[in-house]
Amino acid sequence: MFSAAKIWIGLAAGCIIIAAVLLVLSTDEMKSEQELTKEMNGELKQSNDTGGSASKVRAVPPASAVGKVPPNGNPLVSHKFGADPYALVYEDRVYLYMTNDVFEYDAAGNVKENTYGKINKITVISSDDLVNWTDHGVIDAAGPEGAAKWATQSWAPAIVHRVIDGKDWFFLYFANNASGIGVLTSESPTGPWVDPIGKALITRETPGVEDVTWLFDPAVLVDDDGKAYIYFGGGIPEGEHEMPGTSRVMPLGEDMISVVGEAVSIPAPYLFEDSGINKVDGKYYYTYCTNFYDGERAEGSPPPGEIAYMVSESPMGPWTYKGTILKNPIHFFGIGGNNHHVIFQFRDAWYIAYHAQTLSKAMGVPNGYRSTHLNRVHFSEDGSIQEIIADYKGVEQVKHLDPYQRVEAETIAWSAGVKVEPLTANDADQDHSARFIVTDIHDGDWTAVSKVDFGTGAAEFIVSVRSGEGPWSIELRLGSPEGTLIGTVNVPSAKGSLWTEVKTEVTGASGIHDLYMVYRGENNVTGIQIDDWQFSK
């Protein structure tokens, strides 16, 4: 009996000790939860200057980036496709003009292989730092609604700027499928565009092009003496893979909308398509994509689907083959296809823009929908072009973004879930008719800009917004979609309202950071639309 009682007393004491430990743990856990809740509520309350009440803690995590994942620079944008890039440097900005790849669907609503047959628009983006890109929408180049109504397609554009009689003019060349090349003109790099001749510039009747398989892929050079030249062509005549002889060059007229004389053949080994032209240190560099002939090739011949180059002392040749500089995208991204490029100079450095199916691959539909990428080009002392390594990282940002100047919302380094669309005609009375907006916004979607220089610190954020259904907010975060919260803009519900400016105070925004704008609202309601934004000190 005594031993049993002793045992029971010991068990009771043990239970008391265990209960005490559990009580302490429970108290600590409750205290931790209260502290965490206090920190979260305090953080959110601190930033909600516009609404006067704390935002709710969101259970929905921010959307995931697809295709272009921070901090990578390639592909350049992930909210749309863009192929066959061509570059224009104007007023310290790089403009890229691209074939407007868009999804094609079968009868069941599934994304099918890109046929390119419905592409009659050219898509345009620009940047002054090579990481943050502004979407300028599309150019209606061909088709019933296009500038060139005689054309059915608009592929692989090329553009050049000239000053004629003291006035800026822009000349945009494009391929009408593979049957001819047209030209549009504008007084601005973003349009509006008109067809100055009402017909194709280069056709099967153009002297010297009778044997060209594909009349497409133009490239244009304005030489130091003011004379201009157009390069184009491609395709492989039966059995002539090694030397197709389908690339051409010919002079353009002084008006840039006519051609002069007869086209001259460029003897490019294993040519496929994709003419490019540059003048570097007095030499002319003709670049092109090699064909995919899978038979035996002579030693020293270019491999399939790579960018090769030739050099000449004259814009019309003769040309000397030098080698290849960029392998097919499959070597870098695990997905192949044709290889289309442009080489350009910006701020004393050389770059190559090229396309690959990285975005469509990331979306799970690698069916021929292409996106533009950017990497550096380096020349050796002897003038040879060093091998170019394509990658997702991309190029270095050449300047910081100034948040104290108005920034278009469609200027984006990275994004998730959003679209960019032009403002409708209904907005014309608000002077927004030639502008673009970020739209199709859902809870957790976001946009971001890279390397924003806040200096000694920002005090206020202002955004031009059109409200949707229900209350919405914009979380301003540094470094990531879940990074440090510096402010929250509360946008009141006002469906169908006019554009309004909403402000909020910000704290903790100093130095250089990536800025993320995370959009928060109720599910299944119309989202807000964003036009532009700006910080103030």
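Reply: A salt bridge is a side-chain nitrogen of Lys or Arg within 4 Å of a carboxyl oxygen of Asp or Glu. The model shown is predicted.

Me: How many salt bridges does a search of the whole structure find?

Reply: Side chains of opposite charge can pair when their charged atoms come close. With the 4 Å cut-off between nitrogen and oxygen, the search of the whole structure gives a count of 20.

Me: How many residues apart are Lys 279 and Asp 223?

Reply: The side chains of these two residues meet in a salt bridge, with N to O at 2.8 Å. Lys 279 sits in strand β12 (residues 271-280), while Asp 223 is in the loop between β8 (219-222) and β9, so the pair links distant parts of the chain.

Me: Is Asp 223 buried or exposed?

Reply: Buried means under 20% relative accessible area. The relative accessibility of Asp 223 is 8%, so the residue counts as buried.

Me: Which residues are joined with Asp 532 into one network of salt bridges?

Reply: Asp 532 meets Arg 406 in a salt bridge at 3.4 Å, N to O, and meets Arg 435 in another at 2.6 Å, N to O. Arg 435 lies in the loop between β22 (419-422) and β23 (436-439) and Asp 532 in strand β30, so this pair ties together parts 97 residues apart in sequence. Both Arg 435 and Asp 532 are buried. Through salt bridges that share partners, the residues joined with Asp 532 are Arg 406, Glu 408, Arg 435 and Asp 531.

Me: Is Glu 238 buried or exposed?

Reply: Glu 238 is placed in the loop between β9 (228-233) and β10 (247-251). Glu 238 also belongs to a negative surface patch, together with Glu 205, Glu 210, Asp 211, Glu 240 and Glu 262. Exposed means over 50% relative accessible area; Glu 238 has 79%, so this residue is exposed.

Me: What is the relative accessible area of Val 395?

Reply: Val 395 lies in the loop between β18 (371-377) and β19 (407-408). Beyond its neighbours within four places in sequence, Val 395 is in contact with residues including Leu 130, Tyr 351 and Leu 374. Val 395 is buried, and its relative accessible area is 12%.

Me: What share of the residues in the protein chain is buried?

Reply: The protein chain has three helices and 30 strands. Of its 537 residues, the buried share is 52%.

Terms used:
Residues numbered from 1 in each chain as written. Predicted model: local features only at pLDDT ≥ 70, side-chain atom pairs only at ≥ 80, totals over all residues. Heavy atoms only, no water. Helix = DSSP H or I, 4+ residues; strand = E, 2+ residues; numbered from the N terminus. Buried < 20%, exposed > 50% of the residue type's maximum accessible area, 1.4 Å probe, protein only. Contact = heavy atoms within 4.5 Å. Patch = residues over 30% accessible without salt bridge, like charges linked within 9 Å, V, L, I, M, F, W, Y side chains within 5 Å. Areas by Shrake-Rupley, 256 points an atom, 1.4 Å probe, with all protein chains shown as cover. Lys, Arg positive; Asp, Glu negative; His and termini not counted. Charge placed at Lys NZ, Arg CZ, Asp CG, Glu CD.
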